[in-house]
Amino acid sequence: MISVEGLTKRFGTKLAIDDLSFEVQPGRVTGFLGPNGSGKSTTMRCMVDLDRPQAGIVRFSGRRYQDIVDPVTSIGALLDASYVHPGRSARHHLEWLAISNHLDRTRVSEVLELVGLTEVAHRRVKTYSLGMKQRLGLAATMLGDPEVIILDEPANGLDPEGIRWMRDMLKYLAGQGRAVLVSSHQLSEIALMAEDLVVIGRGRLIAQEPARDFIARHTTTRVRVRSPQINDLVENLREQGADIRPAGETLATDGALVTGFNMAAVGELAHQQGVVLHELSEVTDSLEDAFLAVTKDDQEYRSGSSS
Amino acid sequence: MRAIIASEWLKARTVRSHWVLLIIAVAFPLVISTLVGIFNPEPKFMSYRELGSMTTGTGVVSLLLLTSLWVINLTSEFTHGTIRVTYAAVPARWKIIVSKAVVGTAVTLVVMTVLFWTTFGVGALLLDRRGAPIIVDGWLSHTMGVWVGLVALAVIVSWFGLSLGVIIKNSPVAIVIVLLWPLIIENLIALALTLSGIETAHKWMPYQAAIQTVDNNPGLDGTLGRPWAHLYFAAFVLVILAVGVGVDRRRDA
């Protein structure tokens, strides 16, 4: 388990992390979310003792990172796939890492096979695409078969097959009982793999809870209904206290979006009224909607209007 | 610690640019020695002392190239961000710096020794055949002294480069300072001290003190003499290295 307690990191006058505390449980993928500049990467660097925080402590199963002997065998961290000497081959990169932590060199071949880089392992890294570097970074992360995995934007540069492979891999690793903390801007990916979420903004904790609860708490579920007698049904629903909006340009062609009633209630009401339904479905907001709703006041960098 | 040294040794030998620098460092004095041996118009005036001085002179160029290699071996880690992977793998940062110093020292000792005796040997062979008085009484003890002085200087300068690399983290700046330190920086400091009344300031400039004693007899006027000049320079460099390790331990990687 990872335990972050009261982490505070300042760069000059800028407070990058502000008394941040959260936990990452073993056996689960935890998504680490936050707007640009919210302090995700800084937090991860502090976790593995690269940045020196002004206050707070990070523990891995009760131990501080600097107290762990051969940390590659306990904690695998991929902070940036470009942290590789471009003139060195992938195999040599993994070999020096393995040797430094008393790992057998045969493990290098195993992880190269795992990430599909065996054929190009002798090539210098400067010839690699970003996706290949990501795979190499994941190989380095898995080198010591660690119980904790920390990944900062691991899907960057991966093709769709690579993204699915990464997602399946992380879920598989968590399924083996490892604690997996992964940050990503690809919220759809996080939604597919993360069971827990840690959301931060301006260095402060905004939410820590199961992903399903987070989405449910910060989004609205609506019922979409289409019917040739839509006006009758809408009138009845409004009388019952429902909030109705057209699902598109007109009620007649695009149907209605009903808030305040669940799908079963709308169906029963239609049945009682003798209204024919052409569509009855639940429309749920995405993790992206929930994330944007929660962090709207914590966006440090905003895009200009596109109009 | 042995694992970390082995890891650093693997890092040092798996980058092509390091080998290029090493080959140039070894080839340069050999080429000069060969050319002097073949084309020197007055070989009979070339004694073992002159050949030792020439070997030292070209060897200093080699040691500066080797030092550049050790500077790059460290600073490229900062440039490419691999220092973060390194420090995440070995959180005790001083162990990385010390391991790099151990690898640098071992390689410098071997390379400078091979380079010195090969250069001197080629020069001696070619000049001896042309009648130069190289292998005469006293040549071995004198040349051994020059060898020890040059290799010791090379090792200390490599530590100096490493120390500056830790503090500065930038390859070109660290290399330029290593090169300019004895030529400009120490001269300016000595000049300032001399103008303020310390007339022996020049003698106490650590890098220059060590260079001046490489191929000279110990205790020449105006120098500290060997081995004190080398020990003095080594002590100065170790202080810089300790400062570098201290700074590196506290700052963000």
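1. Chain B of this predicted model is built from helices, with 9 helices and 0 strands in its secondary structure, so that a reading along the sequence gives the pattern α-α-α-α-α-α-α-α-α. The radius of gyration of chain B is 20 Å, close to the 18 Å that the globule rule gives for 253 residues, and chain B is therefore as compact as a globular protein of that length. Taken along the principal axes, the C-alpha atoms of chain B fill a box of roughly 60 × 50 × 30 Å.

2. Of the 253 residues of chain B, 44% count as buried. When contacts in chain B between residues at least 6 apart in sequence are considered, 78% of them join residues at least 24 apart. As to confidence, the mean pLDDT of chain B is 89, with 96% of its residues at 70 or more, and the model as such scores ipTM 0.86 and pTM 0.84.

3. Chain A has both kinds of element, namely 11 helices and 14 strands, and its C-alpha trace spans about 75 × 45 × 40 Å along its principal axes. Of the 307 residues of chain A, 43% count as buried, and among its contacts between residues at least 6 apart in sequence, 69% join residues at least 24 apart.

4. In chain A, 4 strands form an open sheet in the order 2-1-4-5, with antiparallel pairing. Strand 2 (14-24) and strand 5 (63-64) of chain A stand at the edges, and because each has a single partner strand, one side of each is left without a neighbour in the sheet. Strand 1 (residues 2-11) and strand 4 (residues 55-60) of chain A pair in the antiparallel sense over 5 bridges, and A:Ile2 has A:Phe60, in strand 4 of chain A, as its bridge partner.

5. Where the chains meet, 27 residues of chain A are in contact with 24 residues of chain B. On the side of chain A that touches chain B, helix 2 (residues 90-100) of chain A gives the most, with 6 residues, and by class that side has 13 nonpolar, 8 polar and 6 charged residues.

6. The largest nonpolar core holds 139 residues, of which A:Leu94, A:Leu136, A:Ala139, A:Leu143, A:Ile150, B:Leu153 and B:Ile156 touch the most other members. Helix 6 (residues 139-168) of chain B supplies the largest share of this core, 15 residues. Another core, of 12 residues, lies apart from it and has A:Val225, A:Ile230, A:Ile244 and A:Ala270 among its members. As background, nonpolar side chains tend to be buried together in soluble globular proteins.

7. The surroundings of A:Leu143 can be listed in detail: not counting residues up to four places away in sequence, A:Leu143 touches A:Val72, A:Leu94, A:Leu97, A:Ala98, A:Leu103, A:Arg107 and A:Val111.

8. Leaving aside residues up to four places away in sequence, B:Val122 touches B:Leu30, B:Ser33, B:Thr34 and B:Gly37. B:Arg13 is 109 residues from B:Val122 along the chain, and the C-alpha atoms of the two are separated by 27 Å.

Terms used: Residues numbered from 1 in each chain as written. Chains lettered and ligands numbered in written order. Predicted model: local features only at pLDDT ≥ 70, side-chain atom pairs only at ≥ 80, totals over all residues. Helix = DSSP H or I, 4+ residues; strand = E, 2+ residues; numbered from the N terminus. Rg over C-alpha atoms; globule rule 2.2 N^0.38 Å. Buried ≥ 20, exposed ≤ 12 C-beta atoms within 10 Å, placed from the backbone. Contact = placed C-beta atoms within 7 Å. Nonpolar A, V, L, I, M, F, W, Y, C, P; charged D, E, K, R; others polar. Pairing = 2+ DSSP bridges. Core = buried A, V, L, I, M, F, W, Y, C linked by C-beta atoms within 7 Å. pLDDT = per-residue confidence, 0-100.
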